[in-house]
Amino acid sequence: MITSRRMAAVDVNAESLGVPRKQLMESSGNAVARVCRDLADPGSSVAIVAGRGNNGGDALVAARFLKEYDVTVHLLGRPETISTDIARENWDALVASEADLRTVSDSSTFDLGDPDLVVDAMLGTGVTGALREPEATAAKAFNDSSATVLAVDVPSGVDADTGEAAGVAVDADHVVTFHDDKPGLGSLGCDVTVADIGIPAAAELFTGPGDLLSLRRDPQSHKGDHGDVLVIGGGPYTGAPALAAQAALRAGSDLARVACPGHVAREVQGYSENLIVRGFEGDHLEPDHVPALLDFAADRDVVVFGPGLGDADESLAAVREFLDAYDGTAVVDADALQVVPDVDTEATLICTPHQGELQKMGGETDADWETRADLVQEFAADLGHVLLVKGAYDVVSDGDEVRINRTGNPGMTVGGTGDVLAGATGALASVLPPLDAAAVAAYANGRAGDFAADEFDGGLVATDLLERLPAALRSDDE
Ligand SMILES: NC(=O)C1=CN([C@@H]2O[C@H](COP(=O)(O)OP(=O)(O)OC[C@H]3O[C@@H](n4cnc5c(N)ncnc54)[C@H](O)[C@@H]3O)[C@@H](O)[C@H]2O)[C@@H](O)CC1
Ligand SMILES: [K+]
């Protein structure tokens, strides 16, 4: 099963792997035509009703593949309003070929006729909400006709994720959907064909530019909607919590707070006036600090636990106590990781170990990334948490799905890049589901590192990544 949102991401990832959307449209149209042949005998009449988006484009391709049928193509809207270049190119090819074409400018000019088969390609996964005109009138005409109705990707007017309709919707006999089944189709009671359209498995497995699409902001949003992240760390190290908290801001969090020992607090504040810093007594984290930290954490979206914390027994005991009582979302990094296998927590954890830390947690690793991916998936399932295991190929898994990130470069072995990743993961976990947050953070952190390496090669430092995170999180596909 794949949601519309994930499908849009995979589509962009396929493009970045060198499989352009027009090629996918050609495969989709071919698949539609194959199902038409199963549903209607050669010579029968087929009405293709195409909307102005890529769903319509799929059916315009299908029209080319159905030479042995009596095909009429109805375009809902004027040709100038076709919304994508690839759909328009397919329309133009039908015009040039003198296919039987009708354009429907408003509902009064729609005449379905009496076809044997209707291909519903008005709207696909690109759209939610009630059908407008002339689509609504056309949908009623399909539902009233005796023709077999084949829907392309999803019946128009039905939400592919939920199976629900906001108003009138096409009541299809059959759906041909692309790449993978859609969650909303099962409840419709029609036959479903899932067509492989040649999207490489790598478009789902490897992170890519499509993964950034989920970060688009609602223009109506308010302060705090994009995250309030608390970094708990510092002690032997002072730079690490400051890097993590600044990374949270650069990755889009509205607020970044740091809770750390008092002497660290002064330094962290000195690094950046953008941070809200709270010091606690003593020179490292202790169990006595936990009740106040739990209170402080309760109103935050995500806690990032571990940067610069050190491995004093008392600090690790405090991490254990905190996680035992905490039920929010936490990114766990650095020395804090080693307690994760012993805690029984209600919290949603995203653990960000490098391979040494993974082994310290009881996990196994392997030089071969595919074997490592299997091992990480199994260990994530055992732990019941999301793992982001850092390496030349980062492996991200929630125990069920696996994503691999290939951005990044050897220059990033410099100190502090892991703190930046942890902070960015915290920010993204306030706006995305945990697996997506970890995958997008790994992708963007590596991409920021690649931008920095263009300038500084092996001399890049962690603060270079901070500056480049916003660009690394920006989708070029807007
Ligand atoms: N990997 C992919 O995602 C692929 C997607 N493909 C096709 O592309 C489709 C998605 O295409 P698009 O994103 O262009 O979107 P759609 O084709 O689903 O719809 C976009 C069009 O609908 C119009 N519209 C929006 N809301 C409306 C409403 N309430 N009533 C009437 N019209 C409305 C818009 O003006 C726009 O022209 C998929 O369903 C599938 O059929 C395939 O071409 C191949 C690959
Ligand atoms: K459709």
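Reader: How many helices and strands does the secondary structure of the protein come to?

Author: Bearing in mind that this is a predicted model, the secondary structure comes to 15 helices and 16 strands. The C-alpha trace spans about 85 × 40 × 40 Å along its principal axes.

Reader: What percentage of the residues in the protein is buried?

Author: A residue counts as buried when its relative accessible area is under 20%. Here buried residues make up 54% of the 478 residues, while the accessible surface of the protein comes to about 19,600 Å², 44% of which belongs to carbon and sulfur atoms.

Reader: Among contacts between residues at least 6 apart in sequence, what percentage joins residues at least 24 apart?

Author: For the protein that share is 69%.

Reader: Which residues come nearest to ligand 1?

Author: There are 24 residues around ligand 1, and Asn-54, Asp-58, Gly-124, Ala-130 and Asp-153 come nearest. By residue class, the shell divides into 10 nonpolar, eight polar and six charged residues.

Reader: Where do N or O atoms of the protein lie 2.8 Å from an oxygen atom of ligand 1?

Author: A polar contact is judged by the distance between N or O atoms, with a cut-off of 3.5 Å. In this model a backbone N or O atom of Asn-54 lies 2.8 Å from an oxygen atom of ligand 1, and a polar backbone atom of Arg-132 is 3.0 Å from a nitrogen atom of the ligand. The side chain of Asp-11 has an N or O atom 3.4 Å from a nitrogen atom of ligand 1. Of the 890 Å² of accessible area that ligand 1 has on its own, the protein covers 85%, and the elements giving two or more residues to the shell are helix 1 (4-16), helix 2 (21-39) and helix 3 (54-65).

Conventions. Residues numbered from 1 in each chain as written. Chains lettered and ligands numbered in written order. Predicted model: local features only at pLDDT ≥ 70, side-chain atom pairs only at ≥ 80, totals over all residues. Heavy atoms only, no water. Near = heavy atom within 4 Å. Polar contact = N/O pair within 3.5 Å; in protein donor to acceptor, adjacent residues only side chain to side chain. Areas by Shrake-Rupley, 256 points an atom, 1.4 Å probe, with all protein chains shown as cover. Helix = DSSP H or I, 4+ residues; strand = E, 2+ residues; numbered from the N terminus. Nonpolar A, V, L, I, M, F, W, Y, C, P; charged D, E, K, R; others polar. Buried < 20%, exposed > 50% of the residue type's maximum accessible area, 1.4 Å probe, protein only. Contact = heavy atoms within 4.5 Å.
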